[in-house]
Amino acid sequence: MELTRVYHFSAAHRLENPALTAEDNARRYGMCARPHGHNYYLEVTMRGEPDPITGMMIDLGRVDDVVQVAVLDRVDHRSLEDVPQLAGVITTGESLAQAFWGVLAPALPAGALARVTVVETAKNRFEYAGEER
Amino acid sequence: MIAYSTRRFAFSAGHHYRVEGWSLERNEGVFGRLTVPHGHNYTLDVTVRGPIDPETGMVIDLGEVKAVVGETIIDRFDHADLNADPAFRSRVPTTENIAIVVWDLLLAKLGDERLWQVRVWEDPTLYVDYRGGAR
C-alpha cells in the first residue's frame, strides 16, 4: 500500500550551470535561464501496511512536521539558488526531486519513503524513487 | 498488450477515529481532533486493466465499471456515516482502511484479472493507493 501526501510551496529559480557562460546557459536552458518562479507541488509517497489497531500506516502529523522543517521552511517563498541545502544543484524538477529525497529519506522511518514527486507546473511532473529504482 | 483505464468517482461521507476498547483519553492522545465526527468529499479512482478487445477497442466497458462502483461503493457510502457501516465495525475508517474495504468489495465484482488499483483521496492533499496484497 502507498500513501501520498501533497504539499505546496512557491519559489523562484533559474536554470544555470555555473561552469558555462551566460550565453551558453541561455542557449542550453532558453527562457528557463532567466529568474522566474513556480507554484510547486511536492508529493511525498510512503509505502507500508496500516497498523491493525489504528488503521494508520504512518503518523501523518509527524510526516507533515518532517516535510515542513526539512523542505518547506527552506524553500517556500525563496530563491532556490539561495537555499544552502540545494548548493550545487541545478534546480530542474528532477534534480529537486532527488535533492528532496536526500533530506526526507533519512528523516522519515527507515524504508518508509517510496517516491518524491515534484510538480513544477500543470505540465511538468518529476519523480524520484531512490538510487536503485 | 495490457492497457489501464481509470474512472473517477466521488462520495461524501462522515467518520471519526476511535478504537473500541480504548479510553477516551487514549483515543484523543493517538488521534487528536480526528476523534470528533467530521466528514470529507472523497474522490475514488478505480483502475482496471486488460488486453484491448479488438472488437470493441476497449479494455472494459467503463459503463460496467460505473454501474458496479455505483451500486457497490457510491450507493453504500455516499452521504453515509462510515463508522456505522458493518465494514468498519472492527476497523477505524482511515483512508488506508477505506482503500482496503473498497478494494475487497470491488474485487468480488470485477475480479483480480481486471481490477488493478483503487486510489482513495480523502481531500486534495492525501491519497492512498492499494492493489491488494499484504496488510
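Predicted model: local features only at pLDDT ≥ 70, side-chain atom pairs only at ≥ 80, totals over all residues.
**Figure 1**
Chain A contains 3 helices and 5 strands. Their order along the sequence is β-α-β-α-β-α-β-β. The C-alpha trace of chain A extends over about 60 × 30 × 25 Å along its principal axes. Of its 133 residues, 24% are buried. When contacts in chain A between residues at least 6 apart in sequence are considered, 66% of them link residues at least 24 apart.

**Figure 1. Crossing of helices α2 and α3 in chain A.**
Two packed helices are described by the angle between their axes and the distance between the axes. Helix α2 of chain A covers residues 60–75 and helix α3 of chain A covers residues 93–107; their axes approach within 10 Å and cross at roughly 145 degrees. The crossing of α2(A) with α3(A) is right-handed. On the α2(A) side, the contact is formed by Val66(A), Val67(A), Ala70(A) and Val71(A). On the α3(A) side, Phe100(A), Val103(A), Leu104(A) and Ala107(A) take part. Sorted by type, the residues of this contact are 8 nonpolar, no polar and no charged.

**Figure 2. Length, bend and buried face of helix α2 in chain A.**
The 16 residues of α2(A) should span 22 Å at 1.5 Å a residue, and the C-alpha atoms at its ends are 21 Å apart, so the two values agree. Within the helix, α2(A) bends by about 45 degrees at Gln68(A). Val63(A), Val67(A), Val71(A) and Val75(A) are the buried residues of α2(A). The elements that cover these buried residues include strands β1 (2–13), β2 (36–47) and β3 (78–79) of chain A, together with α3 of chain A. Val67(A) and Val71(A) are buried, and Val67(A) and Val71(A) also belong to the contact with α3(A).

**Figure 3. Helix α3 of chain A and what its buried residues pack against.**
The buried residues of α3(A) are Leu96(A), Ala97(A), Ala99(A), Phe100(A), Trp101(A) and Leu104(A). These residues pack against α2 and against strands β2, β4 (113–121) and β5 (124–128) of chain A. Phe100(A) and Leu104(A) are buried, and Phe100(A) and Leu104(A) also form part of the contact with α2(A).

Most residues other than glycine have a negative phi. His77(A) is not a glycine, yet its phi is positive, at about 55 degrees. His77(A) sits in the loop that joins α2 and β3 of chain A.

**Figure 4. His79(B), in the loop between α2 and β3 of chain B.**
In chain B, helix α2 covers residues 62–77, and His79(B) lies in the loop between this helix and β3. His79(B) has a positive phi of about 55 degrees, although it is not a glycine. His79(B) counts as exposed because 10 C-beta neighbours fall inside 10 Å.

**Figure 5. Overview of chain B.**
Chain B is built from 3 helices and 5 strands, which follow the pattern β-α-β-α-β-α-β-β along the sequence. Its C-alpha atoms fill a box of roughly 60 × 30 × 25 Å along the principal axes. Of the 135 residues of chain B, 29% are buried. Among contacts in chain B between residues at least 6 apart in sequence, 69% join residues at least 24 apart.

**Figure 6. Phe88(B) and the residues it touches.**
Phe88(B) is located in the loop between β3 (80–81) and α3 (95–110) of chain B. Leaving aside residues up to four places away in sequence, Phe88(B) touches Leu82(B), Asn83(B) and Pro93(B). Phe88(B) has 19 C-beta neighbours inside 10 Å and so counts as partly exposed, since a buried residue needs 20 or more. Leu115(B) is 27 residues from Phe88(B) along the chain, and the C-alpha atoms of the two are separated by 22 Å.

How values were computed:
Residues numbered from 1 in each chain as written. Chains lettered and ligands numbered in written order. Axes fitted to C-alpha atoms, helices over the stretch in contact; angles between N-to-C directions. Helix = DSSP H or I, 4+ residues; strand = E, 2+ residues; numbered from the N terminus. Left-handed = near helix turned anticlockwise from the far one by under 90°. Contact = placed C-beta atoms within 7 Å. Nonpolar A, V, L, I, M, F, W, Y, C, P; charged D, E, K, R; others polar. Expected span 1.5 Å × (residues − 1). Bend = angle between axes of the 7 residues up to and from the residue. Buried ≥ 20, exposed ≤ 12 C-beta atoms within 10 Å, placed from the backbone.
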